[in-house]
Amino acid sequence: MKAEMKNSEQDQYFSIPDVVIDVENVSLIGGATSHIGYIRFRGEDVIAMLGKAPEWRAIVPDKTSATYSELVISGFLLFGLGLGRSSYIPPASQRSKVQKPQNLLNFEVRAHIYQSRNLRAADDEFTSDAYVVISYGGQKAKTKTIEKTLFPCWYETLTLDVDIPDDGTIAAPIIIMIYDFDSVGSDDFICRIEVPLSEMRRQIAPEPKCHELYVGGVVESKEGELLASFQLIPMAESKFESEAERIAIQLEKENQKAQEKLLKAQRKLKMKEGVPKSFTKIQTFGVQTPEDPALQPRRMPSIIPTTKPCTIQLKIIGCRNVESQKFQSINNRYLEVDCGDIKLSKKTQHCKVPTPVKPNFHQM
C-alpha cells in the first residue's frame, strides 16, 4: 500500500498519516460483506512497531453494527507493519511471503482462577453475579457463578486442549472474560484480559499474581483485578499427570475401604488392644503401584488455600450525606457487609436517626 507523506515544517522527519486496518466478513452465500471492525494506528505507533515481530491487537467493533457494544471487542488480529520509501521497497512479486506455521503442537492450558476484586457492578443492587470464561481457538471453559458480590472467590482450575504453532511468537493469547449472569436475557460483559502464552509456565501450581482487568479495546479503562496463574503443559505430560492422579485417588479409596473393614472387625470382636494379623498389612488392598516413575501415585495440588476460623469485628458508627440512587427516596437505611460471599453477609438494623441521610447505627 502506498501513501503520500509530506515534509513537516517543524522538523526534518516525514509526517506519517494514520494507518487503519479494516476487518470485513464475506458471506458464503451471495458474497455480501459486512464490516466487523478496525484497528487504527497513529504515526508514532507505526514508527514504534518498525522492526518488531508481529503482534496481536484487539479489533475495535463497528459502531454502526446492530450488535455493537462499547464494552465488547470484535476479536484479535495478528499483523506486522513496515514503512519505507516506495523506491526502496521491492515489488510484490519479489517480497518474501508470510510463512504459515509448519507444525501445530498439542498442549493443555490450565487456568487457575482464584478470585477477583473491585469488579464493575452490573446489577441494580450494585453487585454482580460473576463467572469467568477462558477461550482459545474456538474452545471455551467457564467457572461457577458467584452471586451478589464484587469480590468473587472461585478457586477453580479450567483446562483447554489446544493446538498452538511451534513458533510461539505468533501464538494467539488466551482470552479471559468475566460476565454477570442474568436469569432473563443475555449475560452482561464486565471486563477482560489477554494472557500471552509466553507468560505461562510448566511447573505445577505456579504462584498466582494479580492481573489488571479492563473493558473495550483500551487498556487504560481498568475494571478491577483477577488473581490467577496459568500453565502450558504438553498434552503427553498432562495425560501422565492425569493417570497418576487417577491412581492416587484409587489408592485412597481402596485404603479407606481397608480401614473401614479393619474398624468394623475391631468393633465386631470388641477388641480393646491390638489388631488382627490379617489386617496389619493392608495398605493398597490389591491395587498395584506402577513401576513407571511418571505414573507414581500423586494428587495434583489444590489451589484452595488453607483456612482457619476467625472472627472479624466491625464497629459501625454511622453514615453522613447518603445520596439517593435512581431517584429513590431514602427512608430507612441499613448496612450489609460480606467477605466475598453473600452467604457470609451480616446486616445492621434499620436506622433513620437522626435523619435518613445521616443514620447513626452504633452497632458492633
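1. A residue counts as buried under 20% relative accessible area, as exposed over 50%, and as partly exposed in between. Tyrosine 179, at 21% relative accessibility, is therefore partly exposed. These values come from a predicted model.

2. Three aromatic pairs are counted. In one of them, the ring centres of tyrosine 114 and tyrosine 155 lie 6.1 Å apart with the planes at 80°, so the arrangement is edge-to-face. Because tyrosine 114 belongs to strand β6 (residues 104-117) and tyrosine 155 to strand β9 (residues 153-165), this pair ties together parts 41 residues apart in sequence. Tyrosine 114 is buried at 10% relative accessibility, whereas tyrosine 155 is partly exposed at 23%.

3. Tyrosine 179 and phenylalanine 189 are also edge-to-face, since their ring centres are 6.0 Å apart and their planes stand at 75°. Tyrosine 179 is in strand β10 (residues 174-180) and phenylalanine 189 in strand β11 (residues 188-195), so the parts tied together are ten residues apart in sequence. Phenylalanine 189 has a relative accessible area of 7% and is buried.

4. One aromatic cluster is formed by Tyr131, Tyr179 and Phe189. Over the ring of tyrosine 131 sits the charged end of lysine 142, at 5.0 Å from the ring centre.

5. A further point concerns an open sheet of three strands, ordered β14-β18-β17 and paired antiparallel. Strands β14 (316-318) and β17 (354-355) form its edges, each pairing on one side only. Two bridges join β14 to strand β18 (residues 358-363) in the antiparallel sense. Isoleucine 316 is placed opposite glutamine 363 of β18.

How values were computed: Residues are numbered from 1 along each chain as its sequence is written. This is a predicted model: local features need pLDDT of at least 70, side-chain atom pairs count only at pLDDT 80 or more; totals for chains, interfaces and linings use all residues. Side-chain values use heavy atoms; hydrogens and water are left out. Two strands pair if DSSP finds at least two bridges between them. Helices (H or I, at least four residues) and strands (E, at least two) are DSSP runs, numbered from the N terminus. Rings of Phe, Tyr and Trp (its six-membered ring) pair if their centres lie within 6.5 Å; planes under 30 degrees apart count as stacked, over 60 as edge-to-face and the rest as tilted. Buried means under 20% relative accessible area, exposed over 50%, partly exposed in between (1.4 Å probe, protein chains only). A charge sits over a ring if NZ of Lys or CZ of Arg is within 6 Å of the ring centre and within 35 degrees of the ring normal.
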